[in-house]
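Student: Could we go through this structure together? I'd like to start with the overall layout and then look at the inside and the surface.

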Amino acid sequence: AVESTLLPSLDRFKPDLIMVSAGFDASVHDRMNYGLVTLCDDDYFWVTDRLRSVAEKWSAGRLVSVLEGGYNVIGDALSPLARCV
């Protein structure tokens, strides 16, 4: 969906700024989603890298990512919250 829908839509829209609500509830390390979605760190990196490329192309690199969801602090180093602060 990212490559076939989101990225082409962003290219057509040509955003001045990209803002991301970076939820980590889909992480394989977050048990709150009951294993329904199991994104790994590489998946988050891949999407972020693609969005960064779009931001460099259309918005002078302006990409804002805000932590939202996935507050599994028990995961120690794997916790998105622990990694962001």
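Student: In what order do the elements of the protein run from the N terminus on?
Tutor: This is a predicted model, and in it the elements follow the order α-β-α-β-α from the N terminus, with three helices and two strands in the protein.

Student: And how much counts as buried?
Tutor: Of the 85 residues, 24% count as buried, while the accessible surface comes to about 6,000 Å², with 61% of that area belonging to carbon and sulfur atoms.

Student: Which residues make up the largest nonpolar core?
Tutor: That core has six residues in all, namely Leu7, Leu10, Ile18, Leu51, Val54 and Ala55. Helix H1 (2-13) and helix H2 (41-58) are the elements that give two or more residues to this core, and H2 gives the most, with three residues.

Student: What does Leu10 touch, leaving out residues up to four places away in sequence?
Tutor: Leu10 touches Pro15, Leu51, Val54 and Trp58, and of these partners Leu51 and Val54 are also listed in the core.

Student: Switching to the surface, which residues make the nonpolar patch?
Tutor: Leu17, Met19, Val64 and Val66 make a nonpolar surface patch of about 350 Å², and Val66 has its place in strand S2 (residues 63-67).

Student: Why does Val66 count as partly exposed?
Tutor: Val66 counts as partly exposed because its relative accessibility is 45%, and that class lies between the cut-offs of 20% for buried and 50% for exposed.

Student: Last one: what share of contacts between residues at least 6 apart in sequence join residues at least 24 apart?
Tutor: For the protein, that share is 61%.

How values were computed:
Residues numbered from 1 in each chain as written. Predicted model: local features only at pLDDT ≥ 70, side-chain atom pairs only at ≥ 80, totals over all residues. Heavy atoms only, no water. Core = buried A, V, L, I, M, F, W, Y, C linked by side-chain atoms within 4.5 Å. Buried < 20%, exposed > 50% of the residue type's maximum accessible area, 1.4 Å probe, protein only. Helix = DSSP H or I, 4+ residues; strand = E, 2+ residues; numbered from the N terminus. Contact = heavy atoms within 4.5 Å. Patch = residues over 30% accessible without salt bridge, like charges linked within 9 Å, V, L, I, M, F, W, Y side chains within 5 Å. Areas by Shrake-Rupley, 256 points an atom, 1.4 Å probe, with all protein chains shown as cover. Salt bridge = Lys/Arg side-chain N within 4 Å of Asp/Glu carboxyl O.
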